[in-house]
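Thanks for making the time this morning.

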Amino acid sequence: MAYNGFAIDEYLDAAAVTAQLDGLIRQPVYSIRREKLAEYVEGYFNAKCRTSKTMAGQARKVIPGGVQHNLAFNYPFPIVITKAEGAKLYDIDGNWYYDLLQAGGPTILGSNVPAVRDRVIELLQTCGPSTGLFHEFEYKLAKKISDLVPSVEMFRMLGSGTEAGMCAARIARLKTGKKNILKMGGAYHGWSDQLAYGMRIPGTKGILSKGVPSFVFRHTNEFFPNDLEDLERKLKANQFTGGTAAVYLEPMGPESGTRPLSKEFVRGAAQLTRKYGALLVFDEVVTGFRIGLSGAQGYFGVDPDLTVFGKIIAGGYPGAGGVGGHADCMAHLGAGLDSSGKKVAKAMCGGTMAATPLSCAAGYYTLCEIERTNACEAAGRMGDRLTRGLQGLIKKYDLPFVAFNQGSICHLDSVGTMHFSIDWKKPWAIREVLKQTSIRQREMEHMGAAYMAEGIVTLAGSRLYTSAAYTEEMVDDVLSRFDRVLSNCGPLEG
């Protein structure tokens, strides 16, 4: 598909990437050498980030874990960011970084874009952030999303992607009259009780869902990514226990494509949901308006019943979540009539701070600016350049690492933490899988620290988002910094 407004020039070979990742987890663990890590900690973090270190220590006394956001848990301590602009972040000690975290993905235009910021300031000076009553930008944003995404005939703004995921489940059960939810193993659809299942790696079921009673998952199950036979087995089995209300899918793969899906799987999954009378729910929290203006669903040519949005819906501002879809499904949020004129039950859904004038205005102007500047394609081109460069560095230093991308969503996998899976037919192996993923998770943190010391902020040391704010020269500079890190990597000692 040669871009054509999307972030992807040529879709990756999912089977080939999976084979590379299979090979990675069979290799010894490679990471930043211990002496170099110690040099980074002492020479950069302790010497040049002293204010951050002091504040992080103070924060641990009043904030559990010391930070309010999971993305900020960084080794050896969180860096305090005070300014974001374009492709760069600036910390409290005066250091600057290339931003490949992008708040988890929403800032495809770059951070703090004047075209959006100025409109938000204007709104704050007139209406203020919230009134609790209807505002024109609620309509403008919903209409814009509906115009851009063919499957979204109606849209409801919420406060987060987690809330949107919860809401979609309620709609699906009311629409279908069925009970069960199927989600892809390893995928993340927020932290609500019933969807916090099968997280990080396929097969975990409720192992990583601490604090959630097991009975909550009575009607939730997972299927293996890229395995249509497994999905159909679960759909068939659910016919005897109340049917399947919804199948949730991250269209690029679990955790934003960490285990990439093939086009055939995505389209096959859509066909299976129709066959078994389930709603297809696309989680486009990351891919929505990043892969293209019509989302990943537009790229794949799939028509989901419901779409979960987050992050970019408010342009990186607070209040980032929503669910959209076919009118007969969305009717359950209004206690109105479905497409046949039949009265339908209303799903319980709310949020005092959802759809504030601030969040809706920010989202509306962000989408307008993405459309005006062709930001999806621009960011995708930078993602391609970054990935090609990383692949060259991996070859240069003969490392087992794997670099791949789906447009502006890039991956540099050094340890394969989320490529493991748990087979419940081999319960004796579960402990070893959890041990290995724990070891590898720690090395991801060490790699992330090395990148940060070289002026690159990543998501967990393995995921990288490019934005339209990047230039070729910036990407090449980023690659020179990755070069310095990868030249100091080797087999994990001990």
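Let me begin with Lys140, which is partly exposed at a relative accessible area of 29%, where partly exposed lies between buried, under 20% relative accessible area, and exposed, over 50%, using a 1.4 Å probe and protein chains only. This is a predicted model, in which local features need pLDDT of at least 70 and side-chain atom pairs count only at pLDDT 80 or more, while totals for chains, interfaces and linings use all residues. Residues are numbered from 1 along each chain as its sequence is written, and side-chain values use heavy atoms, with hydrogens and water left out.

Lys140 forms a salt bridge with Glu136, with 3.1 Å between the closest N and O atoms; by salt bridge I mean a side-chain nitrogen of Lys or Arg within 4 Å of a carboxyl oxygen of Asp or Glu. Both residues belong to helix α5, residues 136–148, and sit four residues apart, about one turn, helices being DSSP runs of H or I with at least four residues, numbered from the N terminus. Glu136 is partly exposed as well, at 46%.

In helix α5 there is also the pair Lys143 and Asp147, again four residues apart, whose closest N and O atoms are 2.9 Å apart in a salt bridge.

Turning to helix α7, residues 228–238, Lys234 and Asp230 are four residues apart and form a salt bridge at 3.3 Å, N to O. Here Lys234 is partly exposed at 21%, whereas Asp230 is buried at 10%, and a network of salt bridges links Asp230, Arg233 and Lys234.

Over the whole structure, the search finds 20 salt bridges.

Notes: Helix = DSSP H or I, 4+ residues; strand = E, 2+ residues; numbered from the N terminus.
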